Amino acid sequence: MPGPLLRARQGERIAVRLENGIEQDTALHWHGIRIDNAMDGVVGMTQPPVEPGAFFDYDFLVPDAGTYWYHAHQHSSEQVGRGLYGILVVDESESPDVDADHVLSLDDWRLDDSGAIHESFGNLHDISHGGRTGNWLTVNGRGNETLELGAGERVRLRLVNTANSLVMPLRLPDWPAWLMALDGMPLKFPVEVTGSLVLGPGQRADVFLERPADVLDADLAFLERDQEIPLVRFSHASARDRSPRMLPPEPLTPNPVEPCAEKADASTPLLMRGGAMGDLDRARYRGEMLDTRALIRLGKAWSLNGEVDRPGEPLLTAARGSTQEIVIENRTAWPHAMHLHGHHFELTDSLGGAGNPGSSPVLRDTVMIEARETLAVRFRADNPGDWLLHCHMLEHQAGGMVTWLRVS
Ligand code: C2O
Ligand code: CU
């Protein structure tokens, strides 16, 4: 791991045969791609499971440029937790002005004393608390990474959080840096990065970083309370020195995403409850009302609108092309990373940080919602099919935080 880096140009077709060589059934999801529903990789909704020894052919178009990823979407906590994922880069038809382009997939692992993957998958403590977090961080599958940069070089970093549940606060070197895209989608204006950048599970950030002349080497680091764990070292390669660009980067070309209507056609509340220190007393599971004790015995700890796991009925049914608002109320003591398949949300709130132009909406396929926070998201429901909406903390997903919606 990670799996092969898949790379295509915007608008091209990708054909991948998944061969199942493991002992569990599986399927592949193409995270963030506004994909044909039949290729979305959700077992029981868009395709049958791929049994051990069997195969499935994925074949789809990639409408948007940017940084995406693919991962197992069956028994995700264990399969992604053991490394069944890879990065999918879709290149712009016109390449942006950078000297190099680096993919950095960041993960954390729970290892036992021998250094093997800890077998504690699916335990209730992880499910009902902050998910499976680890004790070992990797970059592209290694303990750390070194990238060589000449003075004056400007490079594109594609940061991907592939961890099961870990929220990653990252600190870039104190060099000129611009946030260019989130979850694949270009920002209207590059935003200067000062201080830290937080990536929730499943989220991506494209950053342009420029090495000034006459500086010491520096790191990209993971911030853990009061310590910094270096992940990527930017070392100096004088053979690559070049005269610096005098201007900040131009924004990346926007993707062909239809913006939301001024006024949403419908608004749907989504109430999150459960987990440790939560107030969940009962919820419906497979059509049956169960109390917390019974749910816990089944390994379930979370509900969305009173339902545990994917309910029989969709959260909402949207007419194709309508603008939908979902008001997510997190009445739990934990942050969550809500991911919508097949679409990106439009967020009207600001990014924060210096240089932020403020009111231009940001598109994301995975949005962090802090404990006790309420957040309204909107999207243009223009991709027909049945789509999952779930927490991308994979143990929370396993513990019940899954719903779906229908675009007709
Ligand atoms: Cu990246 Cu439904 O998942
Ligand atoms: Cu969650």
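## Reading the terms in this model

Author: Let's start with a detail: L106 has N161 of strand 10 standing opposite. The model is a predicted one, in which local features need pLDDT of at least 70 and side-chain atom pairs count only at pLDDT 80 or more, while totals for chains, interfaces and linings use all residues. Residues are numbered from 1 along each chain as its sequence is written, chains are lettered from A and ligands numbered from 1 in the order in which they are written, and side-chain values use heavy atoms, without hydrogens and water.

Reader: What makes strand 7 and strand 10 a pair?

Author: A strand is a DSSP run of E with at least two residues, numbered from the N terminus. Two of them pair if DSSP finds at least two bridges between them. Strand 7 (residues 100–109) and strand 10 share seven bridges in the parallel sense, so they pass that test. Strand 10 also pairs with strand 15 (residues 204–210), this time antiparallel, again over seven bridges. There, V160 has R204 of strand 15 as its bridge partner.

Reader: Why is strand 10 described as largely enclosed?

Author: Buried means under 20% relative accessible area, exposed means over 50%, and partly exposed is in between (1.4 Å probe, protein chains only). In strand 10 (residues 154–161), eight of the eight residues are buried, so the rest of the structure largely encloses it. In a regular strand, side chains alternate between the two faces of the sheet. Here one side holds R154, R156, R158 and V160 and the other holds V155, L157, L159 and N161, all of them buried.

Reader: What makes an atom a donor of the copper ion (ligand 2)?

Author: A donor is an N, O or S atom within 2.8 Å of the metal (3.2 Å for Na, K and Ca), and sites may look incomplete because water is not among the atoms. H336 (ND1), C391 (SG) and H396 (ND1) lie 2.0 to 2.2 Å from the copper ion (ligand 2), so they qualify. Along the chain their spacing reads H-x54-C-x4-H.

Reader: Why is C391 called buried?

Author: Its relative accessible area is 0%, so C391 counts as buried. H396 is buried as well. C260 is also buried, at 14% relative accessibility. N37, in the loop between strand 3 (28–31) and strand 4 (55–61), is buried too, with 14%.

Reader: Why is the pair of W175 and F234 called tilted?

Author: Rings of Phe, Tyr and Trp (its six-membered ring) pair if their centres lie within 6.5 Å; planes under 30 degrees apart are stacked, over 60 edge-to-face, and the rest tilted. The centres of W175 and F234 are 6.0 Å apart and the planes stand at 55°, so this pair is tilted. W175 sits in the loop between strand 11 (168–171) and strand 12 (177–182) and F234 in strand 17, so the pair ties together parts 59 residues apart in sequence. Both W175 and F234 are buried.

Reader: Which residues do ring pairs link into a cluster?

Author: W30, F56, Y58, F60 and Y70. The structure holds seven aromatic pairs, among them F56 and Y58, tilted at 50° with 4.6 Å centre to centre.

Reader: What makes R17 a charge over the ring of F55?

Author: NZ of Lys or CZ of Arg must be within 6 Å of the ring centre and within 35 degrees of the ring normal. R17 lies over the face of F55, 3.9 Å from the ring centre. R132 has its charged end over the ring of F121, at 3.8 Å from the centre.

Notes:
Helices (H or I, at least four residues) and strands (E, at least two) are DSSP runs, numbered from the N terminus.
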